[in-house]
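I opened my notebook to go through this fold step by step. Here is what I looked up, in the order I got to it.

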Amino acid sequence: MWGEVRYLNIQKQNFKIRIYEIIKKIRISKEMFHFESMPNNQRKIIHEIVKNIEGISSFSEGIGYNRHVVIRLEN
């Protein structure tokens with residue numbers, strides 16, 4: 001059980017690192033980034049991170065299994 005919890009924590013940390021790397025690329029390219037479709041709990045993590053970063057915003061689009069997050073520079 002503890003091994004599974006540790007694995008999930010590592011996965012969540014890796015997911016957060018990926019989000020920060022994507023945000024760096026957005027700042028350079030000035031282009032929006034569309035994540036792959038993902039479940040609500042993963043979309044929530046992205047929105048929580050992005051809301052604390054000045055100049056970056058996020059929103060979800062799509063329906064059902066196609067729902068995904070888009071991150072962009074704010075105007």
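**Helix α2 and its faces**

I began with α2, where the buried residues are Arg-43, Ile-45, Ile-46, Ile-49 and Val-50. Viewed down the axis of α2, these buried residues fall within an arc of 155°, so they line one face of the helix. The arc is that of the directions from the helix axis to the C-beta atoms. Turned away from that buried side, I found the exposed residues Asn-40, Asn-41 and Lys-44. For my own record, buried means under 20% relative accessible area, exposed over 50%, and partly exposed in between (1.4 Å probe, protein chains only).

I then checked where α2 sits: the helix spans residues 40-50 and lies across β2 and β3, running at about 160° to β2. Axes here are lines fitted to C-alpha atoms, for helices over the stretch in contact, and angles run from 0 to 180 degrees between N-to-C directions.

**Ground rules**

I am working with a predicted model, in which local features need pLDDT of at least 70 and side-chain atom pairs count only at pLDDT 80 or more, while totals for chains, interfaces and linings use all residues. Residues are numbered from 1 along each chain as its sequence is written, and side-chain values use heavy atoms, with hydrogens and water left out.

**Overall layout**

I counted two helices and three strands in the protein chain, following the pattern α-β-α-β-β along the sequence. Helices (H or I, at least four residues) and strands (E, at least two) are DSSP runs, numbered from the N terminus. The C-alpha atoms fill a box of roughly 45 × 25 × 20 Å along the principal axes. Buried residues come to 25% of the 75 residues in the chain.

I also looked at the record: UniProt places "domain: R3H" (unreviewed entry) at residues 9-75. Such annotations may be inferred rather than shown by experiment. Over residues 9-75 the chain is 48% helix and 21% strand.

**The sheet**

In what order do the three strands form the open sheet? I read β1-β3-β2, with antiparallel pairing. The edge strands are β1 (33-34) and β2 (56-61), each pairing on one side only. Two strands pair if DSSP finds at least two bridges between them. Two bridges join β1 to β3 (residues 68-73), and Phe-33 stands opposite Ile-71 there. Six bridges join β2 to β3, with Ser-58 opposite Ile-71. β2 and β3 form a hairpin with six residues between them, and Gly-62 in the turn has a positive phi of about 100°.

I stopped at Ser-57, which is in strand β2. Ser-57 counts as buried because its relative accessibility is 15%. Leaving aside neighbours within four places in sequence, Ser-57 is in contact (heavy atoms within 4.5 Å) with Val-50, Val-70, Ile-71, Arg-72 and Glu-74.

**The core**

Which residues touch the most other members of the largest nonpolar core? Of its 15 residues, I noted Ile-19, Ile-23, Phe-35, Ile-46, Ile-56 and Ile-71. The largest share, five residues, comes from α1. A nonpolar core is a set of buried Ala, Val, Leu, Ile, Met, Phe, Trp, Tyr and Cys residues joined through side-chain atoms within 4.5 Å. Beyond neighbours within four places in sequence, Ile-19 is in contact with Phe-35, Ile-45, Ile-46 and Ile-49.

Lys-30 sits in the loop between α1 (2-29) and β1. Its phi is near 65°, a positive value in a residue other than glycine. Most residues other than glycine have a negative phi. Lys-30 counts as exposed, at 58% relative accessibility.
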